Amino acid sequence: MTSRIPRDSRLRLVRPRPLAAAPTAVNQRRPRRPAPRPPEGTPAPAELARMARSGLAAAARVAHWADSVLGPGGDAATADGKATLSDTTAERAARDLALTPDQVRHDWDTARLAGLVEVHGASARPGWRLRAWNRDDSAVLRGWVALFDAWSLATPEPAEEEPAAVAEVVSAMPQVLSFLQLSAGPVPVDQLLDLLRQRVTELRTERCEIPYAADATAPATPVAEADADSAEPAQDAELAPLLDWALHALASVGALTCGDGQATLTPLGNWAVWVKLEQICVAAQSPAGNIEQAAEDMLRGCAQLRPNAARAEYRAWLAARPVGSAVTELLVAARGEDALLRGLAFEALRVVGAPAEPDVRAVVEVSTLRPYALLWLAEHDGVDPEDAHEVLTREEATWLWVDTAAAVADHGEAPMLVRHLESALQPTVPALLAEVRAVGHPRTVQVLVALAAAHPDPALAKAVRRAAFQVHTGG
């Protein structure tokens, strides 16, 4: 919560109390869920990692080339700020690697989706997974799962298809993949098409879409009969090319194989779908029951949990929703007036990790979020949490100190506010008050009034009250 205190020992906005009086959800050990076992026949993690390395070998080769030739953060990698290789760089890589420029671009895009390279604007840098590529099987598998999650970006969608129809198929494919995983073998594509049609119909029903005739003047009964007779074949015809695209896109990332009118999950694909299903099961057993809450209510529910319990709750909440929408919800909560939720939202974003980076980077210029975003980005870049505060200017650190004090004033107790005073960067109270007044935090007056009321030293309390009055009157 503050820039001076490590995350795991940060300021707690809860009442200190004997361990015996702690809430049941925090104090008592919950029975551990037995570690889930993969389906029978699933290769060992080391073998899965070998498969992932093999499938991503070309992407890793281009990423290593960019790292060694362009250098970390080299700004010659992209031309349009959209992660597209410039023609000059693609041709240079093609010469060095004995590939065609199109192959280089394809492998570059795969490396980006797998997190082997990270693109920021017009510059690129090696991802942490690339650094750990040869020694860390878990990093390799995470990279492959990231590519698996982005399957719809790996192969261009059919140009003639409506974006809304493509989005429906992407939303319905998890059910298709689950069916493939549970079938544990080849499944006819016609059967998958029928399942896809059912799921798309459910999605449209959930949105309350009502079919209507194109010609409003046509007789009602014939139109209804025509719709009933032709709806399913028409929808099959509409979805068949999209299912074909989805299956080939998943095959291109190594998740399944297609042939002879059947689709079969690969060992990697079978394992990845099983992992996703397990995440849903974990989410369904949300430790504190906040899984169905909106981000703001979930964060309020986590405010009284200890750090490890809160992180477990964040993970459960995140597993139950798409990462993009979850990050958006958390940042909306962080933009509110409650400083406590601001700090907790960024703790939850730390659990999200790399997928949240673009959104966090996008709010760096938002004054209320800037210190939190800079600390998040510093830790994401590998800076020790103990030293992350060094990325803040003196003004930003002071603003964060006031924001944290506002959270304490709203949700904590007087002794906590007094202890928070000791975490200030300034060596003396007069210096602190001068800089607090200068940063212009909107809660400055309330924080100073609360601190004056809480501090046991009458002289210091008087000085703080005077400062609060001066800020209030503009003096």
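Reader: Hi! What is the mean pLDDT of the chain, and what share of its residues reach 70 or more?

Author: Hello! This is a predicted model, and the mean pLDDT of its chain is 77, with 79% of the residues at 70 or more.

Reader: And where does pLDDT stay under 50?

Author: One such run is residues 72-83, for which the model has 37 contacts beyond four places in sequence. Another is residues 212-234, for which the model has 4 contacts of that kind.

Reader: Okay, big picture now. How many helices and strands are there?

Author: The chain has 23 helices and 5 strands. Buried residues account for 43% of its 475 residues.

Reader: What about contacts between residues at least 6 apart in sequence: what share join residues at least 24 apart?

Author: That share is 68%.

Reader: And how much accessible surface does the chain have?

Author: About 24,300 Å², and 54% of that belongs to carbon and sulfur atoms.

Reader: Let's talk aromatics. How many aromatic pairs does the count come to?

Author: The count comes to 3 aromatic pairs. Trp151 and Trp245 form a tilted one, with 5.4 Å from centre to centre and 45 degrees between the planes.

Reader: Which helices hold those two tryptophans?

Author: Trp151 is in helix H8 (residues 151-154) and Trp245 is in helix H11 (residues 220-252), so this pair ties together parts of the chain 94 residues apart in sequence.

Reader: Are they buried or exposed?

Author: Trp151 counts as buried because its relative accessibility is 7%, below the 20% cut-off. Trp245 is buried too, with a relative accessible area of 5%.

Reader: Which residues form a stacked pair?

Author: Phe346 and Tyr372 do, at 5.6 Å centre to centre with 25 degrees between the planes. Phe346 sits in helix H16 (residues 339-352) and Tyr372 in helix H18 (residues 370-380), so the pair links distant parts of the chain, 26 residues apart.

Reader: Why do those two count as buried?

Author: Phe346 counts as buried because its relative accessibility is 1%, and Tyr372 because its relative accessible area is 5%.

Reader: Nice. Where does Met173 lie, and is it buried or exposed?

Author: Met173 lies in helix H9 (residues 163-183). Met173 is buried, at a relative accessible area of 0%.

Reader: How far is its C-alpha from that of Leu196?

Author: The two C-alpha atoms are separated by 7.3 Å, while Met173 and Leu196 are 23 residues apart along the chain.

Reader: New topic: helix H15. Which of its residues are buried?

Author: In H15, Ala326, Val327, Leu330, Leu331, Ala333 and Ala334 are buried. These residues cover an arc of only 155 degrees around the axis, which puts them on the same side of H15.

Reader: Why would residues a few places apart point the same way?

Author: An α-helix has 3.6 residues a turn, so residues three or four places apart point the same way.

Reader: Got it. What do the buried residues of H15 pack against?

Author: They pack against helix H13 (295-302), helix H14 (307-319), H16 and helix H17 (357-362).

Reader: And how far does H15 reach from its first C-alpha to its last?

Author: H15 (residues 323-334) has 12 residues and reaches 16 Å, close to the 16 Å expected at 1.5 Å a residue.

Reader: What about the span of H5?

Author: Helix H5 (residues 101-113) has 13 residues and should span 18 Å at 1.5 Å a residue, which agrees with the 18 Å between its end C-alpha atoms. Its buried residues are Val104, Asp107, Trp108, Thr110, Ala111 and Leu113.

Reader: What follows H5?

Author: Gly115 follows H5, and its phi is positive, near 80 degrees.

Reader: Which residue other than glycine has a positive phi?

Author: Ala184 is one of them, with phi near 55 degrees. Ala184 lies in the loop between H9 and strand E3 (187-188), and counts as exposed at 69% relative accessibility. Asp260, also not a glycine, has a positive phi of about 55 degrees.

Reader: Where is Asp260 found, and is it buried or exposed?

Author: Asp260 is in the loop between strand E4 (256-259) and strand E5 (262-265). At 81% relative accessibility, Asp260 counts as exposed.

Conventions
Residues numbered from 1 in each chain as written. Predicted model: local features only at pLDDT ≥ 70, side-chain atom pairs only at ≥ 80, totals over all residues. Heavy atoms only, no water. Helix = DSSP H or I, 4+ residues; strand = E, 2+ residues; numbered from the N terminus. Expected span 1.5 Å × (residues − 1). Buried < 20%, exposed > 50% of the residue type's maximum accessible area, 1.4 Å probe, protein only. Phe/Tyr/Trp six-rings, centres within 6.5 Å; stacked < 30°, edge-to-face > 60°. Arc of directions from axis to C-beta. Contact = heavy atoms within 4.5 Å. pLDDT = per-residue confidence, 0-100. Areas by Shrake-Rupley, 256 points an atom, 1.4 Å probe, with all protein chains shown as cover.
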